[in-house]
Structure formats: structure tokens, C-alpha cells
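Good morning, and thank you for making time for this item. I would ask you to keep the sequence and the structure open while I speak.

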Amino acid sequence: MYDETFMRRAIEISRQALDTPGTEPFGAVVVKGGRIVGEGINRSVMNHDPTSHGETEAIRDACRNLRTVDLRGCALYTSCEPCALCVAAMGIAGISVLYYAADMDQAGAALGTLPESARFPIDPAHLRHECGHPVAARRMPASQHLAASAAEVLNAWAARARSGG
């Protein structure tokens, strides 16, 4: 169930970017059982990591704090509608519900005309389109190699996991 307190915290975190070099104004919190278990702000530039978005940082923080990779039953509050990368991370982690403040149009209006020197350009619509297709169907060049060898490792790992070892 939505709680404005948590959304206000996500926006407060995003506001830190006004005074913290290397951050961008995207903040998020992960909530479980009525309390914040993870927080994050976009630190892509600071960390030299294009995946260091507010949502992914909040998920990482929550997983460390809860000592799990299973965030089922958790809600994620974010200051801005998440990109495809963050939505995928939420799905992988099992986030149960998402609440967001600004939408992509509002973010685009605010940030879309910045020069590349101020912010690496990202096209959220393109990302959404590309992420909905298998790797081989994307515009980015991709080719598969040594599939049988990789599948052998996957099968061996799965067999050990099934046997409890």
C-alpha cells in the first residue's frame, strides 16, 4: 500500500544530487514491512558505472542489509519513472510493487536538452524497445559462441543445486 512518507524520502535522496558531484537526481528506497531497508541515488558518474542508478543502488543496499537476493514482498519508491535497466533489476530481485513520482516525459523535459558534457544521453524509449526483444533480434550487433560449453556449466551448477551441494 502506498505511503507518501517513502516517496518523500526518495525525492529527498534525489535532491542530494544538487550538492553532490558525480550524482544525478534519481533517488529510490526499498521498503519491507513498513520500513526502509535500502536507499540509493544515481552514482553512475561517481562510480564510473552506467548501472549505478538510484533504483539499482537501492536494490543493492536492500539486498546487503537483508542478506538476500530475494526482495519479494518489498516495494520500491523512486523519484522518477525507472528505465528498462531498473525495471529488469526489479523483476530479477522480485520487487512486488513500484511507486514513482516524475514520469519519463517530465525527466525528458528537464534533462533532454543538456549537452553531452553534462549528462550522458540516454533514450528511454529506445531502451524499452530493445529490451523487449531477444538479444539476436536487437539492433546492437550480437552473436552466440560456445553455447554448448556454457550450457554444460549451467547444467552442472543446476545439478549440484538440486542435490543440495
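I shall take the chain as a whole, then the sheet and its helices, and finally a few individual residues.

Please bear in mind that this is a predicted model. The mean pLDDT of the chain is 87, and 87% of its residues reach 70 or more. Confidence is highest in helix α3, residues 54–66, with a mean of 98. At the other end is helix α6, residues 124–131, where confidence is lowest, at a mean of 69.

Let me turn to the overall architecture. The chain contains seven helices and four strands, and along the sequence they follow the pattern α-β-β-α-α-β-α-β-α-α-α. Of the 165 residues in the chain, 33% are buried. The accessible surface comes to about 10,700 Å², and carbon and sulfur atoms account for 57% of that area. Among contacts in the chain with a separation of 6 or more, 45% are between residues 24 or more positions apart.

Now the sheet. In what order do the four strands lie? The order is β2-β1-β3-β4, in an open sheet with mixed pairing. Strands β2 (35–42) and β4 (97–102) each have a single partner strand, so one side of each is left without a neighbour in the sheet. From one strand to the next, the twist averages 15°.

Strand β1, residues 24–32, pairs with β3, residues 75–80, in the antiparallel sense over four bridges. Within that pairing, V29 stands opposite Y77 in β3.

Is E55 buried or exposed? E55 counts as buried because its relative accessibility is 4%, below the 20% cut-off. Its side chain makes a polar contact of 2.8 Å with the side chain of T78. Beyond its neighbours within four places in sequence, E55 is in contact with A28, L76, T78, C80, P82, C86 and M90. Two of these, C86 and M90, are among the buried residues of helix α4 (residues 84–93), together with A84 and A93.

Just after α4, G94 has a positive phi of about 90°. Which residues other than glycine take a positive phi? H48 is one of them, at about 50°, and R67 is another, with phi near 55°. H48 lies in the loop between α2 (44–47) and α3, while R67 is found in the loop between α3 and β3. H48 counts as exposed because its relative accessibility is 73%. R67 is exposed as well, with a relative accessible area of 77%.

That concludes my presentation.

Notes
Residues are numbered from 1 along each chain as its sequence is written. This is a predicted model: local features need pLDDT of at least 70, side-chain atom pairs count only at pLDDT 80 or more; totals for chains, interfaces and linings use all residues. Side-chain values use heavy atoms; hydrogens and water are left out. pLDDT is the predictor's confidence in each residue, from 0 to 100. Helices (H or I, at least four residues) and strands (E, at least two) are DSSP runs, numbered from the N terminus. Buried means under 20% relative accessible area, exposed over 50%, partly exposed in between (1.4 Å probe, protein chains only). A polar contact is a pair of N or O atoms within 3.5 Å; within protein, one must be able to donate a hydrogen and the other to accept it, and residues adjacent in sequence count only if both atoms are side-chain atoms. Contact means heavy atoms within 4.5 Å. Two strands pair if DSSP finds at least two bridges between them. Axes are lines fitted to C-alpha atoms, for helices over the stretch in contact, and angles run from 0 to 180 degrees between N-to-C directions. Accessible areas come from the Shrake-Rupley method with a 1.4 Å probe; for residues, only the protein chains shown count as cover.
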